[in-house]
Amino acid sequence: MTETAPRRALLWLVAISFFMQTLDSTIVNTALPAMAHDLGESPLRMQSVIISYSLVMAMLIPISGWITDRFGTRKTFFTAIFVFTLGSLFCALSTTLNQLVLARVVQGAGGALLLPVGRLAVLQAVPRHEFLAAMSFVTIPGLVGPLIGPTLGGWLVEYSSWHWIFFINIPIGFVGCLASLRFMPDFRSAARPLLDLSGFLLLAFSMAAISIALEGMAELGLRGAYGVVILIFGLASLAAYWLHALKHPAPLFPLQLFSTDSYRIGLIGNLFARIGTGAMPFLVPLMLQVGLQLTPSEAGMMMIPIALAGMLVKKLGMPLIVRFGYRRILIVNTFVVGGLMASFALFGGHHPQWLRYLQLSIFGAANSLQFTAMNTISLKDLDRQMASSGNSLLSMVQMLSMSLGVAGAGGLLAAISRQLGADTPADVMRAFQYTFICVGLVTAASACIFWQLEPDSKGELKPGEEPELEMG
């Protein structure tokens, strides 16, 4: 092989694994009603299938770097693909909701390591001046995954069964395991850094407790004081981590990160703005099938405009930010995104189909611009010493906000359904409409966070500071 052949094989390996992970993140959404019917559950109470996956990813992302340094890129990447594939098999064989949720936990544990380890391997193997082009090649399949995921999921459910959305990962994962042993270089740190185990446990418990408190009030039957107690435990654990990080010599995430204004505001804005956007891939396919009685394949097709418009607007994002500045873009666009979410309350049986596609397309474009602006404002002012920790924390917050968004939206939908009753499709549709309005208002309110940015904060990036990935 030539000198560049192994490098090209590595890029394809990382790209395909990223595609597999992002495809799985979106393909499940369209299949939730079919899963609920087969497992004897209400389709309005299936959010735990999504939450378990994204929450485990959020919990493991902070230690992905330490695991890779300790065991090497080849062994870690092989294990990640193997665990992800094994979790997919368990998902396909599940016969109860609890079994499916546990299987999704296993799957998420593997998925959490795929991209960070792959990105580190590419960083080590590719010359610095080629890194941005290499990462662009790797992330393109990750953008295609959300484009075809809902449609493929709907088609498999309608013409076969929901089990096949997990079965298709098994041959891909098998080939990926063999390829990782052949093409993945074995990079590892000679220093063997220590793990801030106490900080990790405090942070992981906090994320789990807060998500369980939000979801459990509807999904697990927790009521009143029980949910509040779990929420308080989660917040107390988060406060304990903050105090722990102040005195620890090498915390999981150094608090010096928050001394950078743009990072602090961008991170908090990401958390709250993405709670709303994270709920949409769960709410929209569910509304189309349960509320509007569309088939799974029809619902999947209607999700294409969101992903397609998001991809098309990528090239326009940075020029708009450079022209108008981060502060103005984020304040205005956050209100726009929130308003578009609330506009889904207009969906109904007599809503013109062309108008539905138009709303979905505009939402996809505005959402993509929001992700671009939030990601770049968060990372652009970090120095190189803080960039790695800052990017890991940002990735963790993005996955956590997705988990919180689905948990909150699912709980809200269940509570509104109980209030209004869910005896007829019209009652169910009304519950969805009120939920979209509430989620849109929460998202629009996060514009107040971006109001704290400096008025002259512009969109110019320093050389080499372009964002490597957008965790949509």
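Reader: How do helix H1 and helix H5 run relative to each other, roughly parallel or roughly antiparallel?
Author: In this predicted model, H1 (residues 5–39) and H5 (residues 97–125) pack with their axes 10 Å apart. The angle between them is about 160°, and angles over 145 degrees count as roughly antiparallel. That is why H1, relative to H5, is roughly antiparallel.

Reader: What is the handedness of the crossing of H11 and H16, left-handed or right-handed?
Author: Helix H11 (residues 261–291) packs against helix H16 (residues 353–379) at about 155°, with the axes 9 Å apart. That angle is over 145 degrees, so H11 is roughly antiparallel to H16. As for handedness, the crossing of H11 and H16 is left-handed.

Reader: And how many charged residues are in the contact of H11 with H16?
Author: H11 contributes residues including Tyr263, Asn270 and Arg274, while H16 contributes Phe363, Asn367 and Gln370 among them. The contact divides into eleven nonpolar residues and nine polar ones. The number of charged residues is one.

Reader: How are H3 and H4 oriented, oblique or roughly antiparallel?
Author: The axes of H3 (residues 64–71) and H4 (residues 73–93) come within 7 Å. Ile67, Thr68 and Phe71 of H3 meet Thr73, Lys75 and Thr76 of H4. The crossing is at roughly 125°, and only angles over 145 degrees count as roughly antiparallel. Therefore H3, relative to H4, is oblique.

Reader: Let's turn to the pockets. Which helix gives the most to the lining of the second largest pocket?
Author: This pocket holds about 770 Å³ of space. Helices H9 (197–219), H10 (225–247), H11, H17 (384–420) and H18 (425–445) each give two or more residues to its lining. The most, nine residues, come from H17.

Reader: What is the lining of the second largest pocket like, and how many of its residues are nonpolar?
Author: The lining has 31 residues, and Leu238, Leu271, Val397, Leu400 and Leu404 lie nearest the centre of the pocket. No charged residues are found in this lining, and four of its residues are polar. The number of nonpolar residues is 27.

Definitions and conventions:
Residues numbered from 1 in each chain as written. Predicted model: local features only at pLDDT ≥ 70, side-chain atom pairs only at ≥ 80, totals over all residues. Heavy atoms only, no water. Axes fitted to C-alpha atoms, helices over the stretch in contact; angles between N-to-C directions. Helix = DSSP H or I, 4+ residues; strand = E, 2+ residues; numbered from the N terminus. Parallel < 35°, antiparallel > 145°, perpendicular 65-115°, else oblique. Left-handed = near helix turned anticlockwise from the far one by under 90°. Contact = heavy atoms within 4.5 Å. Nonpolar A, V, L, I, M, F, W, Y, C, P; charged D, E, K, R; others polar. 1 Å grid on protein atoms, 1.4 Å probe; cavity = no way out; pocket = protein on both sides within 12 Å on 5 of 7 lines; lining within 4 Å. Points joined across faces, edges and corners; volume = space filled by probe spheres on them.
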